[in-house]
Structure formats: C-alpha cells, structure tokens
Amino acid sequence: MTNNIRPATSPEWQKIKTVLLDMDGTLLDLHFDSHFWLEHLPKRYAELHKLDHASAQAYVIDEITKEQGTLNWYSLDYWANHFKVDIVALKKEVQHLIGFRSDAIELLKFLETHQAQVILATNADHHSLEIKLPVTGLDQYVDHIVSSAELKIAKEDPAFWKALSEKLHYDPASTLLIDDNEAVLDSAHAFGIQYLYTIMQPDMRSPERTLTRYPGVSKFSTIIS
C-alpha cells in the first residue's frame with residue numbers, strides 16, 4: 001500500500017455480510033476526545049495539582065503518548081489512577097461536546113436497510129461507553145457492541161479480530177471495516193478483513209488528512225450511493 005489519498009468508492013454491498021464500525025473519530029466526532037485529553041484534562045490537572053498550565057499539559061500529553069496503542073491508552077481507570085484524578089467526572093464536565101460526525105446517521109440508517117450484521121468494534125472502555133451511548137443513542141443502530149477492554153486485546157493487534165470472530169462469527173472475506181486509526185486498519189488487514197476504509201476528518205474541527213494508506217471517506221454518501 002502506497003502513501004497517498006485514495007478517495008473511497010462504494011463497495012460491492014451485496015457481498016458484505018458484516019459491517020464493523022469504529023466509534024470515536026468514525027461515527028462520533030473526535031473533537032470531544034481531542035479536546036478532553038489535550039486541553040481539558042491538562043487544565044483541570046493543573047488546577048487540582050497546583051501546577052502551571054504549560055507544564056501540566058506537557059506532562060499529561062507525554063504520559064498519554066507513552067501508552068499509545070495499548071489497552072492502557074484507552075482505559076479511563078488506568079488514567080484515573082495514573083493522574084490521581086476522577087477522569088469520568090472530568091469527562092462529564094465537557095460531555096456537551098459529544099456528537100456524531102456530520103453524516104454518520106445517514107450511514108447508520110443505510111445499514112438498517114442492508115442485510116448484514118452491524119458491530120460497533122471499539123477501543124473505548126465501559127466508562128467511555130456509559131458516557132457516550134446515552135448521549136448519542138448509538139447503541140440503537142447496531143446489533144452488537146464489543147470493546148477491546150472486554151476482549152483484553154487492543155484493536156491494533158490482529159488477535160483482536162480473531163477473538164471478535166470467535167465471539168460473533170463473521171467471515172473476514174465478506175466483512176467491511178471503517179476506522180479512523182490506520183494502525184487498526186493495518187491489524188484488520190493482517191487478519192484478512194476484505195473491505196477497509198479510513199476517515200478523512202475524524203475531528204470535525206480539524207483539517208482533513210492529506211495522507212492515508214486506505215481509501216478515505218470524507219462523506220459516507222460516497223460509499224452508500
């Protein structure tokens with residue numbers, strides 16, 4: 001796979017029996033998470049621990065980056081213990097920022113008419129799901145929700161997809177995955193998932209990406225038309 005932008009086109013939907021959907025940055029606007037981890041948590045950490053904002057921000061971002069791609073990276077319990085703050089409570093302070101990406105509902109309504117099982121496959125832990133599902137009603141649009149915390153394997157590991165297939169019995173050759181994280185798409189590709197798409201603008205308040213290794217979705221209408 002070469003580094004370029006490959007605009008997404010509609011797959012052969014009649015061949016797709018399972019649709020795997022990521023949550024944050026794919027269906028939901030990543031702005032909530034970006035703002036929380038990069039701005040709100042450092043601000044509140046500085047206040048709670050009596051530090052200047054710049055030092056707190058540098059420390060928090062450095063600590064988070066060390067765990068990127070691991071289960072710890074996605075675990076609110078881990079970060080609550082690590083930073084000695086109530087992460088869930090702090091997330092609720094900015095939960096008004098939680099929302100769908102611009103046309104995610106259009107995709108979900110299309111999938112309601114398509115004869116395939118729809119699985120929300122997310123790295124978000126149960127705390128994150130308990131915050132976001134009531135706000136969005138996302139659970140009403142999918143058949144199953146599986147977290148990497150439940151399987152104890154991050155989605156960046158190809159073993160996640162094997163464990164998921166053993167749990168929910170899907171054939172990778174007839175499966176489509178949409179995810180904003182290309183390390184996750186790499187692991188799904190290694191497992192053999194056939195149809196892979198990435199998201200061009202995970203955070204709706206940030207510019208679109210200029211580099212992807214997978215077909216990039218700017219608007220879901222391009223793959224459901």
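I looked up helix 2 against helix 4 and found a right-handed crossing. This is a predicted model. I took the geometry next: the axes of helix 2 (residues 53–66) and helix 4 (residues 76–83) cross at roughly 135 degrees and come within 12 Å. Angles over 145 count as roughly antiparallel and 65 to 115 as roughly perpendicular, so helix 2 is oblique to helix 4.

I then listed who makes the contact. Helix 2 gives Y59, V60, E63 and I64; helix 4 gives W79, H82 and F83. By class I have five nonpolar, one polar and one charged residues.

I read an angle of about 60 degrees, with the axes 7 Å apart. That makes helix 9 oblique to helix 10. The crossing of these two helices is also right-handed. From helix 9 I noted P158, W161, K162 and S165. Helix 10 answers with V184, S187, A188, A190 and F191. The class tally for helix 9 with helix 10 is six nonpolar, two polar and one charged.

Last, the core. Which residues have the most contacts inside the largest nonpolar core? I found L21 and I178, in a set of 29 residues. Elements giving two or more residues include strand 2 (18–21), strand 5 (175–178) and helix 11 (221–224). Helix 6 supplies the largest share, four residues.

Leaving out residues up to four places away in sequence, L21 touches L27, L107, L108, L111, V118, I119, L120, A121 and I178.

Conventions. Residues are numbered from 1 along each chain as its sequence is written. This is a predicted model: local features need pLDDT of at least 70, side-chain atom pairs count only at pLDDT 80 or more; totals for chains, interfaces and linings use all residues. Side-chain values use heavy atoms; hydrogens and water are left out. Axes are lines fitted to C-alpha atoms, for helices over the stretch in contact, and angles run from 0 to 180 degrees between N-to-C directions. Angles under 35 degrees count as roughly parallel, over 145 as roughly antiparallel, 65 to 115 as roughly perpendicular and the rest as oblique. A crossing is left-handed if the near helix is turned anticlockwise from the far one by less than a right angle, and right-handed if clockwise. Contact means heavy atoms within 4.5 Å. Ala, Val, Leu, Ile, Met, Phe, Trp, Tyr, Cys and Pro count as nonpolar, Asp, Glu, Lys and Arg as charged, and the others, Gly among them, as polar. A nonpolar core is a set of buried Ala, Val, Leu, Ile, Met, Phe, Trp, Tyr and Cys residues joined through side-chain atoms within 4.5 Å. Buried means under 20% relative accessible area, exposed over 50%, partly exposed in between (1.4 Å probe, protein chains only).
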